[in-house]
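Please consider the sequence and the model shown here. The paragraphs after them lead through one interface between two parts of the chain.

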Amino acid sequence: MQQFLQKLKTQPVMSGTSTGQAFWHATAADETDSLLDSYSPVDGQLMARVHPTVREDYDKVVETARAAFLKWRAVPAPRRGEIVRQMGEQFRQYKKELGTLVSYEMGKSLQEGMGEVQEMIDICDFAVGQSRQLYGFTMHSERPDHRMYEQWHPLGVVGIITAFNFPVAVWSWNAMLAWVCGNVCIWKPSEKTPLTALACQQIIKEVLEQNDVPEGVSCLITGGREAGTWLAEDPRIALVSATGSTRMGKAVAQTVSARLGRYLLELGGNNAIIVTPHADLNIAVPAIVFGAVGTAGQRCTSTRRLIIQESIYEDVKNRLVKAYGQLRIGNPLDEKNHVGPLIDQAAVAAYQTALFHVKEQGGRLLLDGEVLEGPGFESGCYVRPAIAEMPAQSAIVQHETFAPILYLLKYRTLEEAIELQNGVPQGLSSAIFTLNLREAEQFLSTGGSDCGIANVNIGTSGAEIGGAFGGEKETGGGRESGSDAWKAYMRRQTNTINYGTSLPLAQGIKFEL
Ligand code: NAD
């Protein structure tokens, strides 16, 4: 690990403020400052200590970013795309090192850590193409010798607040598109994963330098929720893109709305899979298990609820219990293991509380959860994935617990299953396993799933960057990455041009002098 950290130019004590090429030492930083300590949930080791950004430096960062915007917006979009292409090349080069660091700092499996970096590479590729396609419509004017069209302009400074569970990919979804659109970015990563963020900044630094990109195009501030609130409150931040819990999203939405600013929210999910009697269980079972235990149940798209038709309920249940019996829990850097640790002790406590509520609310644990102890589990963050049979209306089922707990629910008719699936406050991802065309189409129809993502014969997690990603209801309504998500990072302008010799007014209004 040490050699990876060296290659990524990360050190034991680091400045957590950067405007791209420059890394700042906090103005008020001295030995008494509270440093941001990054502990690995893998082995409990202290990985690094980061000087969090102080308010005074935050203001300097914003001013540097604002000055950079005036230059960056004048760079032609395809040229901005070319710079993003070079960043993608850097991420290709550092995929193993960054993927390993993601795995060690966040605790997801090495496969998933590398997958996260691949997602960054994919969004860079996508953004390069997008840089030549920032299209606006043209319309026919109702007036003679007039032309009407729409064009898209950058917004300015984009603030990006990210969660611990996708410590690097979510930043890249936002930043790469925001940059090709002509914006500058200030990233506030999770206080639980500051090191991966610093590593990203180091990786792209070379590209920024080689291309004479103005200082301030890619900024990084570190700290806890307070640093996030600076972005939310600040009228100089044109767009706040925030990923995290629904609690955080509600706070950000209220603050940004109060100043009539723009926000883009990617919040909690409570995702379900419906399994019908027409399902191919040979593909359904592995998809359910990956969705429920992958990233130790800490994906926004993790499968939390399984809605099974009563005629196949016992069969599915038995297959799942058997499959869970084969899971290997342990160090996520060891590729033989399927399940790594939770992020920290607070997450372990939330897992235990949820299991307590399962029993209290009339649930039956098919596979008991437990916190693992002994050699290899010294960090205290490793837990056993649990499965619980739950009464449909239990309060705990409505709640997103960020841990590997799968709730089983029974249904009779597909209408009932869809109602159960939609009957939670969140609306991120959903899936149905069926080979029956009518069932699949009913699930996808207007009266079907109410989520931002609805899959057939694919689990709830593991989206590709080409589609717009996001969800409804308490998930926040935002869309990021593919499709036309770029529009969130630009402002639309309608232009009407009169190239004639008279001044006809719209709607035929007469005004003569
Ligand atoms: P969190 O809400 O605790 O923190 C997320 C980020 O918000 C952190 O950077 C934190 O410092 C900041 N923050 C917290 N309170 C804030 C406030 N009041 N104002 C401004 N910033 C604030 O979430 P977490 O525990 O890091 O991540 C897990 C959550 O994120 C889950 O609910 C998960 O579903 C969600 N998530 C959603 C998506 C998605 O795309 N929908 C993706 C990843 C994670």
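The side of domain 1 that touches domain 2 draws two or more residues from each of α4 (95-106) and α5 (110-130), helices being DSSP runs of H or I with at least four residues, numbered from the N terminus. The largest share of that side, 5 residues, belongs to α4.

The model is predicted: local features need pLDDT of at least 70, side-chain atom pairs count only at pLDDT 80 or more, and totals for chains, interfaces and linings use all residues. Residues are numbered from 1 along each chain as its sequence is written, and side-chain values use heavy atoms, with hydrogens and water left out.

The rule also finds 2 salt bridges across the interface of domain 1 and domain 2, each a side-chain nitrogen of Lys or Arg within 4 Å of a carboxyl oxygen of Asp or Glu. The side chains of E112 and R299 form a salt bridge, at 3.1 Å from N to O.

As for the domains themselves, domain 1 covers 2-267 + 476-493 and domain 2 covers 271-464, with bounds from an automatic or database domain assignment. Their centres, taken over C-alpha atoms, are 31 Å apart.
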